[in-house]
Amino acid sequence: MSLSTHLFFIKPHGCGKIGFLCEPHEAFEAAIYYALLYFIALGSGGPDAVLPAFIADQFDEEDPSEKQYKSSFYGYYYVALNLGSLVGPTVLVYMENKGYWVVSFWTCSISAVLACVFLLSGSLRYRHFKPSGNPISRFSQVLVASLRKSSQKLPSNEEELYEIHGREGERSGMRRIPHTKGFKFLDSAAIITPEDVKLIDGGRSPSSWHLCTVTQVEEVKCILRLLPIWLCSVFFAVVYTQMLSLFTEQGDAMNKSVFNFSVPPGSIYAFNIIGTSVFILSYDSVVIPIYVKLNKEPRVPSTLQRMGIGLAISVLPMVIAGVVEQQRLKCARNLLVEEQSCLNILWQIPQYVLVGLAEAFFYVGQIEFFVEQTPGGLKSLGISLCMSCLAVGSYVASAILTVVTKITSKDGKPGWVPRNLNDGHLDRFFFVLAPMAVVNFILYVVCAKCYKSISWEMRSDSEACQEEGFGLRRNSDP
């Protein structure tokens, strides 16, 4: 992207800043541009799914001190993501507005190289784990095996279902999960047929596409139990997406002058990042002591409770954004400049900060929750599911906006969200999202109360010795 921008995207030289447009690009140049964007998305999608799982592998769940450190580290991890993102809407946006697009892209390229160097520099100190195979295949094997044996009758004694015990199970390194009652149709995958008995007695292992262990079946059940929580998470992403899109559009239609300096609308996003980072960094030292004192309990809020608090807070920025938009429209009527308002852009700060507060509770809790509740064999699949919320939420937000625009723009009306916001009613759109967020919160509370947490069998002494000798706690998918 940096090379392409340097060679042929910026034509004529010096274009790209406010008021100086570049020449139209040819079809192959536009194709290169979009292809590069997809490559960037592909490249960033890998670490987004793997890093949280990799972080979890560096901490021992059965060590209380390491478990607490892991919870704190996820907060620092999210702060690092936010501080990195702070450069985008501040320094880079300012440089791009001045026309320094080439320098901005090269800054991103250098950052990517440094990130790779930092990651590799700790290779000798990381805890590495034996891979357990493709998580997609492992998930699919249970579905295929259960369909093949759907006509088989489940045994009355769950102990008759297939499981690897003893030394053979310990050598596999996979922590076993006890059998649970839910999703009984999947238990068929662990039914031992006479053909399977012949293979086992002959010293051969049956194909996983025909016979799965109880642990493997329970892993799939764990993923399915996460889906209701995931669906509620998607709508939180709908609220979060407004900050990246309509909040910016709203800011662009406001008075951007602050102390004789024109503030780019995208730069107000910095208050979200600063608010989120400050809150996370003070969470253990300030928020937790206050929470414990108010509740008179020594326990800290669980990951599900933190996510619920974030969902509840997410209602407020939509309401405040609607109120700010009403005031902006009132000021716009007294201003003769088209597509502008006399209301200052700094009035957007509360809604950005509240979104940041909500995501500090929700996203940090969500990452930790999905890491804890996803079994080792499907760890990266569960984390990918977690990280997909923002992408799916963006599509849902776009669909909602499309439907609202189509309904409100009938009979030649400009609609609620027209190109010129002074002709529309963006406030009504925000006020529609607010009750939707309330309904989503209520559904989440119901799902959270019904959620059944994963339970593990404790590791044997031989497995503990294996960990001390070789640094392997359990299998983890690539």
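Which side chains meet in a salt bridge at 3.7 Å, N to O? Select Glu-158 and Lys-181, whose side chains form that pair. The model is a predicted one. Glu-158 sits in the loop between helix 6 (135–148) and helix 7 (166–172), and Lys-181 in the loop between helix 7 and helix 8 (194–201). The two are 23 residues apart, and the pair links distant parts of the chain. Glu-158 counts as partly exposed, with 34% relative accessibility, while Lys-181 counts as exposed at 59%.

Next, select Lys-221 and Asp-187. Their salt bridge has its closest N and O atoms 2.9 Å apart. Lys-221 belongs to helix 9 (residues 214–244) and Asp-187 to the loop between helix 7 and helix 8, so the pair ties together parts 34 residues apart in sequence. Lys-221 is buried at 0% relative accessible area, and Asp-187 is buried at 4%.

Move to helix 14 (residues 315–333), where Glu-325 and Arg-328 lie three residues apart, about one turn of the helix. They form a salt bridge, with the closest N and O atoms 2.9 Å apart, and both are buried. The whole structure holds nine salt bridges.

Last, select helix 2 (residues 27–57) and helix 3 (residues 64–86). Their axes come within 10 Å and cross at roughly 150°, so the helices are roughly antiparallel to each other. The crossing is right-handed. Show Leu-51, Pro-52, Ile-55 and Ala-56 in helix 2, which meet Lys-70, Phe-73, Tyr-74 and Tyr-77 in helix 3. Of these contact residues, seven are nonpolar, none polar and one charged.

Definitions and conventions. Residues are numbered from 1 along each chain as its sequence is written. This is a predicted model: local features need pLDDT of at least 70, side-chain atom pairs count only at pLDDT 80 or more; totals for chains, interfaces and linings use all residues. Side-chain values use heavy atoms; hydrogens and water are left out. Axes are lines fitted to C-alpha atoms, for helices over the stretch in contact, and angles run from 0 to 180 degrees between N-to-C directions. Helices (H or I, at least four residues) and strands (E, at least two) are DSSP runs, numbered from the N terminus. Angles under 35 degrees count as roughly parallel, over 145 as roughly antiparallel, 65 to 115 as roughly perpendicular and the rest as oblique. A crossing is left-handed if the near helix is turned anticlockwise from the far one by less than a right angle, and right-handed if clockwise. Contact means heavy atoms within 4.5 Å. Ala, Val, Leu, Ile, Met, Phe, Trp, Tyr, Cys and Pro count as nonpolar, Asp, Glu, Lys and Arg as charged, and the others, Gly among them, as polar. A salt bridge is a side-chain nitrogen of Lys or Arg within 4 Å of a carboxyl oxygen of Asp or Glu. Buried means under 20% relative accessible area, exposed over 50%, partly exposed in between (1.4 Å probe, protein chains only).
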